[in-house]
Amino acid sequence: MPLNPWITLFSFLTIILPLLNHFVAFAVNPQGEALFSWKKSLNGSTVALSNWDPSDETPCGWLGITCNINEEVVELELRYLDLYGTVPTNLTSLVSLTKVVLSSTNLTGSIPREIAILHELNYLDLRDNALTGKIPSEICNLLKLQEIHLNSNQLEGSIPVQIGNLTSLKRLTLFENQLNGEIPNTIGNLKNLLMLRAGRNKNLGGLIPREIWNCTELTMLGLTHTSVLGFLPPSLGLLKKLETIFIGSSLLSGQIPPEIGNCTALQNIYLHENSLTGSIPKSLENLKSLRNLVLWKNSLVGTIPSELGNCKELSIPLAISKCQNLEALDLSENVLTGNIPRGIFQFKKLKTIYLFSNNLSGEVPREIGNLENLHNLDLSLNRISGNVPVEILGCRNLTYLNLQSNLITGNFPGKLSGLVLLQFVDFSDNLIEGTWPLHVLPQHLVFFSISRNNLSGEIPSSICDLNFIKYLDFSHNHFSMIPPCLGNMSDLINLELRNNNLHGTIPKFVKCGNLRNLKLADNQLEGPLPRSLVNCKKLEILDVANNKVNGTFPHWLVNLPELRVLLLRSNNFHGSIGNHKTKFSLPNLRIIDLSHNMFHGHLPSNFFKYLSAMMNGNMDSDGLQYMGDDYYFVWGRYFYDFYSYYYENVTIDVTIGIKGNYIDVVKIHTRLTTIDFSNNSFKGEIPKVIGKLGSLKGLNFSHNNLMGHIPISFGNLTNLEWLDLSSNKLTGNIPIQLTDLTSLAILNLSKNHLVGLIPQGKQFNTFTNASYSGNFGLCGFPLTKTCGNDEGQQPPPSPTIQEDDFGFANGFHWKVVLLGYGCGFMFGLGVGYLVFSSEKTKCLLNIIYRERRNKVRRSKKNGHGRIN
Amino acid sequence: MRAMFHLLTAFLLLSTLLAPANANLEGDALYALRRSVKDPNGVLESWDPTLVDPCTWFHVTCDSDNRVTRLDLGNAKLSGSLVPELGNLERLQYLELYMNNLTGPIPKELGGLRSLVSLDLYHNSLTGSIPASLSKLSNLKFLRLNSNNLTGKIPRELTKLGSLKIFDVSNNDLCGTFPTSGSFSKFSEESFMNNPRLEGPELMGFVRYDVGGSC
């Protein structure tokens, strides 16, 4: 049978070609073979390695490969590729390697011990991968190593003690890993070390070994965000070449040694967020090259050393050169006292001065005007007094000016509008009186607050020309008029006019598409709530509490789908809030306070049926969330020597009834859900459907004319912490199901017509007489009246409680109640309609002030968080 | 030597950390509890230590001075142990931690809760003995420790609690005899039942209180 030659050829080729192919693969020398087999092990894209061709004789022309004249591979250098593989382990043929760079190449797995055979290696860079496991101590046998970069991986374990063998080492970067243990003291053997960066290893702790100060070549020492502790020793002064010391957010304590002044090459001192004490050493004046002095959030005391400033005041060219490089001075969140040294204001390169949260006093020096480059000036939370000098208009680049919470008395001099780049101005919580030149504000303002001063007069309509303004806060002053145009500011997110002397009606809101918070509480506003508010589709908080607003319940609010907080407390609203036909849909509503009005009629079931946000009682835990967390004011801003973004949450600043006290809050937990309809004339029965509002924390229907039984469905309100149904005409028993409310801390059922045995057990063990007084048919613990056998289904807990133990005479509960009275209306005690007395207001301000301070500190922290 | 230095440094560090306190001591005490317990239902989620006081935290009630008066965490599915820091809540009146899965001992520091009216730790898995320091709680009216795994003797000092109205240590593993004098004269045997090693009331005048068989 004749062979078909084509078939024969085909058969031959099918057999031989793969062999040939194989043969080609081995055309390359063993070094190339090792590299090529590593390439084949990669799981990612190898498009970039397409010229790694095994048919080449040597790999010397391949991407990332460098050979010496003997055609031995000496460098493997690949960066920013998605290789998705491991570090090569088959290295026996690659012992000539002197440099290995595989950074940002998505490598996983551990650093292979096999690396120990690369005896010629002097440069190893595996940074920015996802490497795990320990740093193999074998690496420390590679005595020619000069640089090791392993930062930004997930390496664990400790730094090998043998690291001290690598006496040629110049740079060691290990930051952003999960290393633990201590820094080995053998590090002191590394006499050539220029750079040690091991920050962002949260569990790297222990004392900084004192041997480290033997590394006299060090220019950069970075241990930020570790747990290193102990003192900075005087021997720190031996590091004459040190340019940057970066040990922030760690556990350092003790003083900054004056010997730091011997480190004359220092440019950057970052020792923020430690527990450093004592004063800032005067010897800093020797640091001619200093650019950034960042010591925020320590416990430093004393004055800012005037020596810092004196450098410049000598007015001798030599002295000018001394400190003129300082660009950022951040001594915030310490306990510094005294004046701001004038000399600081001679450093013409200063971009940032952060001195907030200290106890600094005195006035803002006139010399501030020298700082043409200043972008950020934050002196908030100090005791700065007097006027702001007109010279500040010389700071032409100022974008951020924060003088909040000081003792500034004077009116603002001249025209702030001269500072055309200003975006953020906060003068809140000072002692400024009279009128402010509000008609001359800079055009690009995004944030403007002058709240908590003693300003009066009208808010000028020119305010409405600020086209970029998002946050406008005039609250807690004595302003008398709202310009009608405020309802036309389309970028505005937050409008705070609380607690002024505002008269007249609420203006029309036409262009308010971004408005989230409208706070008009504590004024004398009259007339109805303008229906035009339906244009503010993003409105979340509407607070008109404590005014003279009249009219019926604003049903049109159902057109505001985002509405979360509705506070109509203490106004002249009247009429019924609806009937069974009224459509209510307020799916996001969490806090509603209609108390102290003249509403009457029935409580329509419909109203409660669609409060979806209050229903989801067992929402999955999604972490701590506050209202307003989802949006920030963001604007670009210089931080120290680089540009970054600063963001700050909107403050909430509303008064909410919580457990019988009116508390002024700056943050509202997203799960805080309350209903307060107290002190109206509602009648009829309590709708059973309220039992579906499973996430409800507080319910107050006190001081109405409600009748019928307490719905059994209330037993489903397992999140309820306070329930006040006092001073109504409720009848029947207290449902035993209420004992399921194990979070209930305050119960007030007094002054009703309830009868029968008070439920026993759980939280009902903790309520006192005051919860039930004025219900003459109730019996059992804690009342003195015992139930007859007919009623007593449950015996009270043994032993029988005696009268005097829970009566008014003893009255421990009453003590609490009376303490609460100082700060607000306490329900159910016949105190009744407590008007907002001046004493109360004072007390509230106190609370506000404290919370506000806290808020500021936090937002600053956020800001700082960007630069660590 | 090195270890000594560590210790010293740690101590110094601790003291500097504690020094500027007063800011939110009560919040810190409560937060220590949060850190010490497992909270599968997230009931402590609102306990934000960065707030200036704990008065807006859920399950916490304050008086008008922003001091904590109540902690209501009954039936909250908490496990883990109590913390000594709770003893810092000097205006706390109601400590309601019943029906959880708490383990470990009752910290003796709870004796510092000088305003405490009610200590409800019943239905947990607490171990160790009843601290004698609870006898310092001069305002205490209700002490319910029933249904735990408490061992040891009932401290005789508790008879000093003049305000005590309810005392329940039933369903534990206590031993020895139980006092019958002072405020304990009111309590029936129900308060002590189901403690297999408990030998009954002390026999005043005949047997010394602290002579007990298996105790």
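Okay, let's start with one residue: Lys697(A) counts as buried, because its relative accessibility is 5%. Buried here means under 20% relative accessible area, exposed means over 50%, and partly exposed is in between (1.4 Å probe, protein chains only).

Quick housekeeping. This is a predicted model, so local features need pLDDT of at least 70 and side-chain atom pairs count only at pLDDT 80 or more, while totals for chains, interfaces and linings use all residues. Residues are numbered from 1 along each chain as its sequence is written, chains are lettered from A and ligands numbered from 1 in the order in which they are written, and side-chain values use heavy atoms, with hydrogens and water left out.

Back to our lysine. Which residue does Lys697(A) form a salt bridge with? The partner is Glu721(A), and the closest N and O atoms are 4.0 Å apart. A salt bridge means a side-chain nitrogen of Lys or Arg within 4 Å of a carboxyl oxygen of Asp or Glu. Lys697(A) is in the loop between strands S45 (681-685) and S46 (698-700) of chain A, and Glu721(A) is in the loop between S47 (705-708) and S48 (722-724) of chain A, so the pair ties together parts that are 24 residues apart in sequence. When I say strand, I mean a DSSP run of E with at least two residues; helices are runs of H or I with at least four, and numbering goes from the N terminus. Glu721(A) counts as buried too, at 1% relative accessibility.

While we're in that part of chain A, take a look at Ser713(A), which is in the loop between S47 and S48. Buried or exposed? Ser713(A) is buried, because its relative accessible area is 19%. A polar atom of its side chain lies 2.8 Å from the backbone oxygen of Lys688(A). Apart from neighbours within four places in sequence, Ser713(A) is in contact (heavy atoms within 4.5 Å) with Lys688(A) and Gly691(A).

Now, more salt bridges. How many does the structure hold over all chains? There are 31. In general, side chains of opposite charge can pair when their charged atoms come close.

One of them joins the side chains of Arg516(A) and Glu540(A), at 2.9 Å from N to O. This pair links distant parts of the chain: Arg516(A) is in the loop between S32 (494-496) and S33 (517-519) of chain A, Glu540(A) is in the loop between S33 and S34 (541-543), and they are 24 residues apart. Arg516(A) is buried at 17% relative accessible area, and Glu540(A) counts as buried at 5%.

Another one is between Glu138(A) and Arg113(A), with 2.9 Å from N to O. Here Glu138(A) sits in the loop between S4 (123-125) and S5 (147-149) of chain A, and Arg113(A) in the loop between S3 (99-103) and S4, 25 residues apart. Arg113(A) counts as exposed, because its relative accessibility is 52%.

There's also a network of salt bridges that links Arg452(A), Arg498(A), Asp522(A), Asp653(A) and Asp664(A).

Next, the sheets. Five strands of chain A form an open sheet in the order S7-S9-S11-S13-S15, with parallel pairing. Two strands pair if DSSP finds at least two bridges between them. S7 (180-182) and S15 (275-277) are the edge strands, each pairing on one side only. Inside that sheet, S11 (227-230) and S13 (251-255) pair in the parallel sense over two bridges. In S13(A), Leu252(A) is the bridge partner of Gly230(A).

There's also an open, parallel sheet of three strands in chain A, ordered S27-S29-S31. S27 (433-434) and S31 (478-481) have a single partner strand each, so one side of each is left without a neighbour in the sheet. S29 (454-458) and S31(A) pair in the parallel sense over three bridges, and Gly457(A) stands opposite Phe479(A) in S31(A).

Let's zoom out to all of chain A. Eight helices and 52 strands are found there. Of its 868 residues, 58% are buried. Among contacts in chain A with a separation of 6 or more, 54% come from residues 24 or more positions apart.

Conventions. A polar contact is a pair of N or O atoms within 3.5 Å; within protein, one must be able to donate a hydrogen and the other to accept it, and residues adjacent in sequence count only if both atoms are side-chain atoms.
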